[in-house]
Amino acid sequence: MTALNSSDPNFDVYLSIIQDKGYWLTLAFVGFFLALIIIIGNSLLLFITYKDPQKTLRTPPCLLITNLSASDLLLGLLNVSLVAVRDVYRYKQVNMPFLALFRGVMATVFIKTVFVSCYSIVAMSTSCFVAINKPMEYKTIITKKRVKIFIGVLWVISLLTCMLPMTNVPEKTYTMIYLHTHGTVPAISLPVVYVNVFRALSRRTREVQREGYNSVASKALEREKKMIKAIVIILGLFYITLMPQYISLHLLHFCESCKKSLTFHMIDVALSRFLYISSAINPFVYAWRVPKYNQAFQDCWKIFSSKTLESYASDLQAFLWSKMTALNSSDPNFDFYLSIIQDKGYWLTLVFVGFFVAFVIIIGNSVLLFITYKDPRKTLRTPPCLLITNLSASDLLLGLLNVSLVAVRDVYRFKQVNMPFLGLFKAIMYNVFITTIFVSGYSIVAMSTTCFVAINKPMEYKTIITKRRVKIFIGVLWLISLSTCVLPVANVPEKTYTMIYLHTHATVPAILLTVIYTNVFRALARRTREVQREGYNSVANNALEREKKMVNAIVIILGLFYITYMPQYITLHLLYFCESCKKSLTFHMIDVVLSRFLFISSAINPFVYAWRVPKYRQAFQDCWKMYRGKLRITSHKSFALHSRRRTFLDGRSRAQSDPTESTNL
């Protein structure tokens, strides 16, 4: 196995040692989240620095902050995101394609950016020391030209450190060089610099106090204090996140028992991800602690918006209601919101969010329905599972024929043109939305009812809640939901129809669910006391535990449904009973956003089942094994445990010779 690792550059050693899918899945989610924060935060900071209208972010310290932000952005783009992708392959238990190439990219980017970040902080600290210690000579010592030369030399040196492995330097020697150049030297330099910084700051404060009030000197000193605090926070974040990995790398090379420990390797991999946190937080530290960046952000926002929302709204107040009453009623292809909200950035944001939510809804619910259909153990054929399947089918239909079409319409709104055949698509979107929301609401009511019966009457449950009755209920539910869509055709006034929609889709389910869950929790408390009085009974305990888990899952789904639905429920009432709201552009913009907010529960529901309901989790694992041709239902757990132990023992020597994970590679 050692020979295999050394001869095959595409071999992933940690894939064979750590086979816990939950571990890799967690790291993948954390990785993508951090990559997103790093990329967005640092891109925004660099954009603000470039566009700053007052040109206050062109000073030498700001150039060093820009350099640090650029290195963090590079880390997010070409290391953090690639590491997260590799964790997805590890979760799937397959080797990442072209791993050697990506490993080289990740290694080079990581070593370069960490080196640049480290010494950028050293330079920022030195700049603060000079500003406080020699304020009159600061502008002659710390110049833009010198800072730019320093930044260029810094990137060249960082590139040279990446080339050392090509000179056949032994792996252990290279790791020690990396640790001491990236950790030890800055760790020694920075305390020395900051001891002198705080001594100089104390001396300057006493001088200013002795000289009496001097507005120029006081303001300059106050600015330096704020900059020092910001750099100290960045420095603290950097070393809090760097030191754990610094220690684990030393242990990896000098502790023999650590090399053979699975726990140590799992901790080491997690700590390698911990390094990214400082890169994600740094931009927010600038915005929070440094007034110049805060002001520059506000200035850029004002330029981008060009007119404040309030003045724009006041210009359109009279126009809004006339358009709503005249054009919207006469032309079915007229897009009312296109005529009043002409902010392209607003529509573009909704486009991205819409397509992302549609993608998650379709993929998540399709996978759930596929698992339910293919479940090898046939454990997902119970009445509650039929209701969950019904809820998932309605969510999938919503994603396919409503959320995706709404996102496409937002694309046309972004382009400021009417969507072709809008009247037809509008009818499809509204009918699908009303149907699926009705089905979702009453499916949750039915699931809650089954929980109540299971807890309150466990001996009669199978005779009361049968598959046949549940199927009839589902069929009737879809028929009623479709009939509610026919009401507008019967010339029911729009306001009346909206009130019927609100009360049938929200008010009635809200009342029913409150009553049912009050009884569910009372029955659950009573059943728990009964089981405790009767003493230990494995069958009763297991059944009660299962019901508790199902109750918890349904409560989460219920909470998501109403948290996402109630804001729109309120805005629809305001639309018909608040005259000033009808004429407010701000209100209409919020109303449109809240209409998209409704889709979130449909996106999250499948993950709630996978997280809270063990049967769905087990079915997913079985389907995955069946897909890979490795399903052994009767003994899959013992086989996996034996395989993990055997692979770990075989892979211990490989972990000693593969340094890639220890430097995030």
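The structure examined here is a predicted model.

Rolling a probe the size of a water molecule over the atoms shows where empty space is left. Across the whole structure, 4 cavities of 30 Å³ or more are found. The largest cavity holds about 120 Å³ of space. Its lining is made up of 13 residues, and those closest to the centre are Val 114, Phe 238, Leu 275, Ser 278 and Ser 279. Two or more lining residues come from each of helix 4 (60-91), helix 5, helix 9 (215-254) and helix 12 (277-289). Helix 5 makes the biggest contribution to the lining of the largest cavity, with 4 residues. Sorted by class, the lining of this largest cavity contains 6 nonpolar, 6 polar and 1 charged residues.

Helix 5 also brings the reader to the aromatic rings. The model has 5 aromatic pairs. One of them joins Phe 115 and Tyr 119, whose ring centres lie 4.7 Å apart with 40° between the planes, a tilted arrangement. Both residues belong to helix 5 (residues 99-133), and because they are 4 residues apart there, about one helical turn separates Phe 115 from Tyr 119. Phe 115 and Tyr 119 are both buried. Another pair is formed by Tyr 346 and Trp 347, with ring centres 5.1 Å apart; the planes meet at 75°, so this pair is edge-to-face. Tyr 346 counts as buried because its relative accessibility is 13%, under the 20% limit used for burial. Trp 347 is buried too, with a relative accessible area of 0%.

The ring of Tyr 91 has the charged end of Lys 21 over it, 6.0 Å from the ring centre. In a second case, the charged end of Lys 344 is placed over the ring of Phe 414, at 5.9 Å from the centre of that ring.

Turning to the cysteines, the model contains 1 disulfide. This link connects Cys 255 and Cys 258, with 2.4 Å between their sulfur atoms. The angle about the S-S bond is 75°, and the link of Cys 255 and Cys 258 is right-handed. Both partners are buried: Cys 255 has a relative accessible area of 17%, while Cys 258 has a relative accessibility of 13%. Two further cysteines can be described in these terms. Cys 118 is buried, at 1% relative accessible area, and Cys 385 is likewise buried, at 0%.

A last stop is Trp 24, which lies in helix 3 (residues 21-51). With a relative accessible area of 0%, Trp 24 is buried. How far apart in sequence and in space are Trp 24 and Arg 86? Along the sequence, 62 residues separate Trp 24 from Arg 86, while in space their C-alpha atoms are 9.4 Å apart.

Key
Residues are numbered from 1 along each chain as its sequence is written. This is a predicted model: local features need pLDDT of at least 70, side-chain atom pairs count only at pLDDT 80 or more; totals for chains, interfaces and linings use all residues. Side-chain values use heavy atoms; hydrogens and water are left out. Rings of Phe, Tyr and Trp (its six-membered ring) pair if their centres lie within 6.5 Å; planes under 30 degrees apart count as stacked, over 60 as edge-to-face and the rest as tilted. Buried means under 20% relative accessible area, exposed over 50%, partly exposed in between (1.4 Å probe, protein chains only). A charge sits over a ring if NZ of Lys or CZ of Arg is within 6 Å of the ring centre and within 35 degrees of the ring normal. A disulfide is a pair of cysteine sulfur atoms within 2.5 Å. On a 1 Å grid over the protein atoms alone, a cavity is a set of points where a 1.4 Å probe fits but cannot get out, and a pocket is an open set with protein on both sides within 12 Å along at least five of seven lines; lining residues have an atom within 4 Å of a point. Grid points are joined across faces, edges and corners, and a volume is the space filled by probe spheres set on the points. Ala, Val, Leu, Ile, Met, Phe, Trp, Tyr, Cys and Pro count as nonpolar, Asp, Glu, Lys and Arg as charged, and the others, Gly among them, as polar.
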